[in-house]
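I opened my notebook to record what I looked up in one structure.

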Amino acid sequence: GYQRLWDRADAFLHLIAPDFGTIMAWRTEQEAETQGVALAALSAKRRAWVNRFIQHYERITTRMMAGARRPGAAIRVDRQRQPVHPPPPAVP
């Protein structure tokens, strides 16, 4: 079912993080915000939950970062989520 859904898309834009560790940090920040606490106040239990949760996506995310993704434009971003210039060429 997913392949048919993806095939209906007109285009893809991929945001490429520097590494998976950065993605983990971003997801932890998101969890703190969702919980309504400062990042430093996020409990060890909740951090462990984020770690387990994100591991389910590590293999596919790492493959996508290495280029195994649908054709489309790709924009590399730095740890501050800013585009890295110049952007890489679009993948056909």
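My entries below go from ground rules to rings, core and charges.

**Ground rules**

I am working with a predicted model, where local features need pLDDT of at least 70, side-chain atom pairs count only at pLDDT 80 or more, and totals for chains, interfaces and linings use all residues. Residues are numbered from 1 along each chain as its sequence is written, and side-chain values use heavy atoms, with hydrogens and water left out.

I started with Tyr 2, which sits in helix 1, residues 2-7. I take helices (H or I, at least four residues) and strands (E, at least two) as DSSP runs, numbered from the N terminus. Is Tyr 2 buried or exposed? Tyr 2 counts as exposed, at 62% relative accessibility. My cut-offs are under 20% relative accessible area for buried, over 50% for exposed, and partly exposed in between (1.4 Å probe, protein chains only).

Next I searched the whole structure for aromatic pairs and found 4. The rings of Tyr 2 and Trp 6 are stacked, because their centres are 6.4 Å apart and their planes are at 20 degrees. For the rule, I used rings of Phe, Tyr and Trp (its six-membered ring) with centres within 6.5 Å; planes under 30 degrees apart are stacked, over 60 edge-to-face, and the rest tilted. Both residues lie in helix 1, 4 residues apart, about one turn of the helix. Trp 6 is partly exposed, at 41% relative accessible area. Ring pairs also join Tyr 2, Trp 6 and Phe 12 into a cluster.

I then looked at Trp 49 and Phe 53, which both lie in helix 3 (residues 44-65), 4 residues apart, about one turn of the helix. Trp 49 is partly exposed at 29% relative accessible area. Phe 53 is partly exposed at 28%. Arg 46 lies over the face of Trp 49, 4.3 Å from the ring centre. The rule here asks for NZ of Lys or CZ of Arg within 6 Å of the ring centre and within 35 degrees of the ring normal.

**The core**

How many residues make up the largest nonpolar core? I noted 11 residues in all, among them Phe 20, Trp 26, Val 50 and Val 77. Helix 2 (20-35) and helix 3 are the elements that give two or more residues to this core. Helix 2 gives the largest share, 4 residues. A nonpolar core is a set of buried Ala, Val, Leu, Ile, Met, Phe, Trp, Tyr and Cys residues joined through side-chain atoms within 4.5 Å.

**Salt bridges**

I counted 5 salt bridges, each a side-chain nitrogen of Lys or Arg within 4 Å of a carboxyl oxygen of Asp or Glu. Arg 70 and Asp 7 meet in one, 2.9 Å from N to O. Arg 70 is in the loop between helix 3 and strand 2 (73-76) and Asp 7 in helix 1, so the pair ties together parts 63 residues apart in sequence.

Glu 29 and Arg 81 form another, with their closest N and O atoms 2.7 Å apart. This pair links distant parts of the chain: Glu 29 is in helix 2 and Arg 81 in the segment after strand 2, 52 residues apart.

Arg 27 and Glu 31 meet at 3.0 Å, N to O. Arg 27 and Glu 31 are both buried. Last, I noted that Arg 27, Glu 31 and Arg 46 are linked in a network of salt bridges.
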